[in-house]
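Trainee: I would like a close look at one chain of this model. Please keep to what can be read from the coordinates.

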Amino acid sequence: MLLCALSVLGIVALVVTELVTRSKLSLHEFGWKFFFSSQWDPVGGEFGALPFIYGTLVSSALALLLAVPLAIGVAVFINEMCPAGLRRTISFLVELLAAIPSVIYGLWAIFVLAPILRNHVQPFLASTMGWTGLFTGPKYGIGMLAAGVILAIMVLPIIASITREVMLAVPHPQREAVLALGATRWEMIRIGVLRNARAGIVGGVILGLGRALGETMAVTMVIGNTPQIVKSLFAPAHSMASVIANEFSEASTDLYLSAVIEIGLALFIITLIVNVIARALVWMTTGGMPVRADVQ
Amino acid sequence: MDCRPRHAEGSRVKTEIHVRDLKAYFGTLEALHGINMDIDHGGVTAIIGPSGCGKSTFVRCLNRMHETIPGATVKGNVRVGDIDIYGNGTPAVEVRRRIGMVFQKPNPFPTMSIYDNVAAGLKLNGVRNRKRLDEVVERSLKMAALWDEVKDVMKKKSGASLSGGQQQRVCIARALAVEPEVILMDEPASALDPISTSKIEELIYQLKENYTVVIVTHNMQQAARVSSYTGFFLLGDLVEFDKTEKIFTNPSDKRTEDYITGRFG
Amino acid sequence: MSSSGFTLGRLSLSRRLQDRLATMAAAAAAVIVLTPLLAIFGYLVVKGVGSLSWSFLTHPPAPVGEAGGGVGNGIVGSGIILGIACLIGIPLGVGAGIFLAEYGRNRLGYFIRFTADVLNGVPSIVIGIAVYGVVVMRQKHFSAFAGGVALGIMMIPTVTRATEEMLLMVPQSIREAALALGIPQWRSTLSVTLRVATSGVITGVMLAFARVAGETAPLLFTAFGNQFWNTKPNQPMAALPLQIYTYAISPFDEWHRQAWAASLVLIAFIVGTVAMVRWIAGRGMLKGAA
């Protein structure tokens, strides 16, 4: 048994060593510049990871922007407002969203979401908010916006699930205290539940962020796979996970492969930090009881 | 120190509570079997009885908190002053605002400062004016005998960072801040140490000047100390309701006598 | 005559409105959230059902340009890879879970639990990179085995957590009864406690299984995929998610159609597994990890 448990440590150690040793070439060659340069030129041997970092961060931020209000709304609805008979069905359906594999999200995004964005959403955004500079340029359908939307759908279940759990962990007397002061139901939810569960909800959001940062298949299928940094959300982009998926097998030189792996190392570190922070916050609110993490 | 709630000069609060045939249910289980009681204005009324007799349920019916439990219902009539609080179209939210409640286990809001805790009810009702909030918070904390202890830290310390007795006084201040006429207390001191308990009792004794107070307690000595009227509940029935002195020295019902003398409960 | 000071004010319009709006907004959120779910399942069925056929399920892909063919090799390949994954993930996961439940109330246990959480959060593509380095580079070729290792590693944290939670739910009295009968601790753990917690452990395993069954990224450079029939674990192998990916990003309509059909098969399998898990968890005496 001990061996099995230690194998967990061993595996993580192995992952880290692999990532580090195989990035060494690239680390030595480019140093810190790697993360600030936008030049990704496999032919010329110049590698800079900035476009991918940008793509990962922006698509994830967009995903959270869309997902968080909806996730909290759904959680509040299921926990506090839903008729008891519907509760199990709706919560099951929301969890079903979490079971759909990334590649199927990607498939749907290419053939259903992208056309909808191209034909309806993007023209609308361009005409109403084009002045911001965020919604300009050719309307391909695929691109940063598509990646953000599909990511939002994918991280929504985990944020909703954790929000529900931390809401349930709020002690009943807190709700009563608010009601006894003469509060409406929404006021009771706002002050007595959501406010108390704040830290945990933030933890759930950050956990969702961690998921979004590492998401590969669905993103690579709709983000456009173009390493560039462009203000408009309509433009194609690239992310750290998707460049690895696309170019790992193509990497013809040792330096090329090492650069791609270094991006993997960076991705590993970023998601590690984010997940640790998230766990700490959720633990704080649920009083140390482990939260279900099998919702991917 | 002005403890009087805002009313016309010279008038004293006259808020009586009349309960007629009050029945309370948890689903299909009848927990209160038709209670009739008249609580006079002002003064403290104690509700005593063994565990499970329905005293908490009764008091929670007086401010429409009982129905917030899923599946719980109430039948009957409760008139506070001139208003039937269960009447058609009477908003429960407003009833709860005008009838304050203090719970057994102190439940201040942990994410708010002491000041914000006390001001919570006011802010709910749309009071934004800084001066007015300061004024009411100070007055409420003074009435709860907590002002001197927390006045320097009340905006910085969280509501939950105090001792149990102090937390309960924050809750009392919070309830007083919205200027109710009636205050209900469900075993307010049972979770506290003896010193805090006596402070709370002192507080209740002072509150009786200006509020109608109904307090549930399982501590008979406490009931004898603070209340002028006492009601004895047993298994969902109001067995006897009379002047406190009479209940404790010469009860009319044998069951009351048995309880008082400690034969059960 | 008594003039009562007790009056009821009116709940302000703004507050009533806010309450009403909040309810509507929350309900709207629920509707918005469920729409893509229904849309995805709907499209899968509508676009995929047409291409489903016995030949589709049993034949490998046809050469480009030819009609017909299917994902038979992908289904079999996935099965083999998942089988290898289970051989790795289940024993290690259950073992680690037992360790944590029985002997893990200390700093080492805390550290292991933390590490398992870390492993859970590692992006699947990064796991793919690591297994590529450890297995593929050493063997100098892609293989189903490498794919199985990658997926097996991903199963471990979920299985560990489920096992630990289930074992912790077994009442202490059962453990004590076993000890009182003179059974050594390790033996009682294995035979008594584990048996009681089995249903929960099984649901945990099935959930982990359902999760990795749909994974594509870690297989990209481990199992790599294969156009033809192959059942040798030491060679590149097809997998259903990989085929869906290849077909989806291809320029051929026929392949797109097959991608939808293959997705339908995959999702049916996963949802079926999840539904079974919930059913077992609902029936069982002990709540499953679901």
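Trainee: In chain A, what share of the contacts with a separation of 6 or more is accounted for by residues 24 or more positions apart?

Mentor: This is a predicted model, in which local features need pLDDT of at least 70, side-chain atom pairs count only at pLDDT 80 or more, and totals for chains, interfaces and linings use all residues. Residues are numbered from 1 along each chain as its sequence is written, while chains are lettered from A and ligands numbered from 1 in the order in which they are written. The share is 77%, where two residues are in contact if their C-beta atoms, placed from the backbone, lie within 7 Å. Chain A has 11 helices and two strands, taken as DSSP runs (helices H or I, at least four residues; strands E, at least two) and numbered from the N terminus. Along the sequence the pattern is α-β-β-α-α-α-α-α-α-α-α-α-α. Of the 296 residues in chain A, 55% are buried (20 or more other C-beta atoms within 10 Å of the residue's own, with C-beta atoms placed from the backbone). Confidence is given by pLDDT, the predictor's value for each residue, from 0 to 100. Its mean in chain A is 89, and 96% of the residues reach 70 or more. Over residues 289-296 of chain A the pLDDT is below 50, and this stretch has 17 contacts in the model beyond near neighbours in sequence. Chain A also touches chain C, through 62 residues from chain A and 70 residues from chain C. On the chain C side, helix α1 (residues 13-49) gives the most, with 18 residues.

Key. Buried ≥ 20, exposed ≤ 12 C-beta atoms within 10 Å, placed from the backbone.
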